[in-house]
Amino acid sequence: MLDNIRIVLVGTSHTGNMGSAARAMKTMGLSELYLVTPEAEPDGKATALAAGASDIVHSAKIVDSLEEAIADCGIVVGASARSRTHSWPMMSPKECGEKVFQESAKYPVALVFGRESSGLTNEELQQCNFHVHIPANPDYSALNLAMAVQVICYEVRLAMLAAENAAYADNETPEYPLSNEMEGFYQHLEQALKDTGFIVPQHPGAVMTKLRRLFNRARPEAQELNMLRGVLSSVQKAARK
């Protein structure tokens with residue numbers, strides 16, 4: 001699904017920023033880079049700053065307009081560093097990452113970043129479905145282009161990992177013992193502790209109450225409970241000897 005997510009850089013003036021953005025992308029698993037009317041095509045400086053992500057730089061698609069870069073996209077999110085005259089649906093980086101990853105299952109999606117000095121124009125932002133704003137320190141919000149790309153790509157990757165973990169959790173839901181099985185374990189545990197002399201029948205105290213609280217809090221899985229009962233049987237066998 002990450003292959004369906006493209007980073008679009010508009011009017012990039014420094015080729016080194018192309019390489020740094022490519023590096024930011026590759027560390028997070030993204031590889032689709034579009035360059036809209038860059039002031040210069042990727043060169044040796046871009047390759048050098050890509051630091052191992054030169055394949056993304058060299059395979060970048062150079063197009064003549066933002067319209068061309070996003071023509072086949074189902075959702076487009078533009079990075080906006082400041083509020084505009086007309087409000088637009090705004091997302092946080094986290095919301096952006098989740099939305100973009102979710103939508104990428106259906107069609108290509110685009111994350112659009114503007115010029116180093118002035119960002120995206122109002123006309124370009126109006127071609128986006130949503131805007132994303134990185135809430136940097138208002139007294140020093142000097143994020144460069146690659147930093148902004150890194151932040152948003154990181155949130156996309158977090159969304160991907162969360163989806164993978166959720167799918168794994170659904171497939172690996174453990175089996176837990178029933179109430180009567182837990183009660184059987186507690187009876188077994190109490191008898192084993194009596195057999196070893198840990199619990200004195202005449203003065204049982206609150207040992208079992210505290211142990212019940214411990215195991216209820218831990219909530220052992222069915223397989224773990226079977227193992228614990230095996231341990232108890234082994235302890236009882238040793239105690240009888």
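Predicted model: local features only at pLDDT ≥ 70, side-chain atom pairs only at ≥ 80, totals over all residues.
Strand S1 (residues 5–10) and strand S6 (residues 109–113) run parallel and are joined by five bridges. Residues are numbered from 1 along each chain as its sequence is written, and side-chain values use heavy atoms, with hydrogens and water left out. Helices (DSSP runs of H or I, at least four residues) and strands (runs of E, at least two) are numbered from the N terminus. Two strands are said to pair if DSSP finds at least two bridges between them. In general, the strands of a sheet pair through backbone hydrogen bonds, either parallel or antiparallel.

The sheet as a whole comes next. Seven strands make up an open sheet with parallel pairing, in the order S3-S2-S1-S6-S4-S7-S5. Its edges are strand S3 (61–63) and strand S5 (90–91), each of which pairs on one side only. Strand S4 (residues 75–79) is mostly covered, since four of its five residues are buried; buried means under 20% relative accessible area, exposed means over 50%, and partly exposed lies in between (1.4 Å probe, protein chains only). S4 runs parallel to S6, and four bridges join them; here Val 77 stands opposite Leu 111 in S6. S4 also pairs with strand S7 (residues 130–132) in the parallel sense, over three bridges, and in this pairing Gly 78 stands opposite His 131 of S7.

H1 lies across S1 and strand S2 (32–36), running at about 155° to S2. Such angles run from 0 to 180 degrees between N-to-C directions, with axes taken as lines fitted to C-alpha atoms, for helices over the stretch in contact; contact means heavy atoms within 4.5 Å. The 13 residues of H1 should span 18 Å at 1.5 Å a residue, and its end C-alpha atoms are 19 Å apart, which agrees. The expected span is 1.5 Å times one less than the number of residues in the helix. Buried residues of H1 include Thr 15, Asn 17, Met 18, Ala 21 and Met 25. Just after H1, Gly 29 takes a positive phi of about 95°.

Which residues other than glycine have a positive phi? One of them is Thr 37, with phi near 40°. Thr 37 sits in the loop between S2 and helix H2 (44–50) and is partly exposed, at a relative accessible area of 41%. Another is Arg 219, where phi is near 45°; Arg 219 lies in the loop between helix H9 (207–218) and H10.

The 19 residues of H10 reach 27 Å from first C-alpha to last, close to the 27 Å expected at 1.5 Å a residue. Where do the buried residues of H10 lie around its axis? They are Ala 222, Leu 225, Leu 232 and Gln 236. These residues cover an arc of only 70° around the axis, so they are on the same side of H10; the arc is that of the directions from the helix axis to the C-beta atoms. The buried residues of H10 pack against H8, while Gln 223, Met 227, Lys 237 and Ala 238 are exposed on the other side of H10.

Charged side chains complete the picture. Side chains of opposite charge can pair when their charged atoms come close. A salt bridge is counted when a side-chain nitrogen of Lys or Arg is within 4 Å of a carboxyl oxygen of Asp or Glu, and by this rule there are eight. One of them joins Asp 55 to Lys 26, with the closest N and O atoms 3.0 Å apart. This pair links distant parts of the chain, as Asp 55 is in helix H3 (residues 54–58) and Lys 26 is in H1, 29 residues apart. Asp 55 is partly exposed at 42% relative accessibility, and Lys 26 is partly exposed at 39%. Arg 115 and Glu 124 also meet in a salt bridge, at 2.7 Å from N to O. In this pair Arg 115 is partly exposed at 24% relative accessibility, whereas Glu 124 is buried at 11%. A further salt bridge, between Glu 190 and Lys 194, has its closest N and O atoms 3.7 Å apart. Glu 190 and Lys 194 are separated by about one helical turn because they are four residues apart in helix H8 (residues 179–195).
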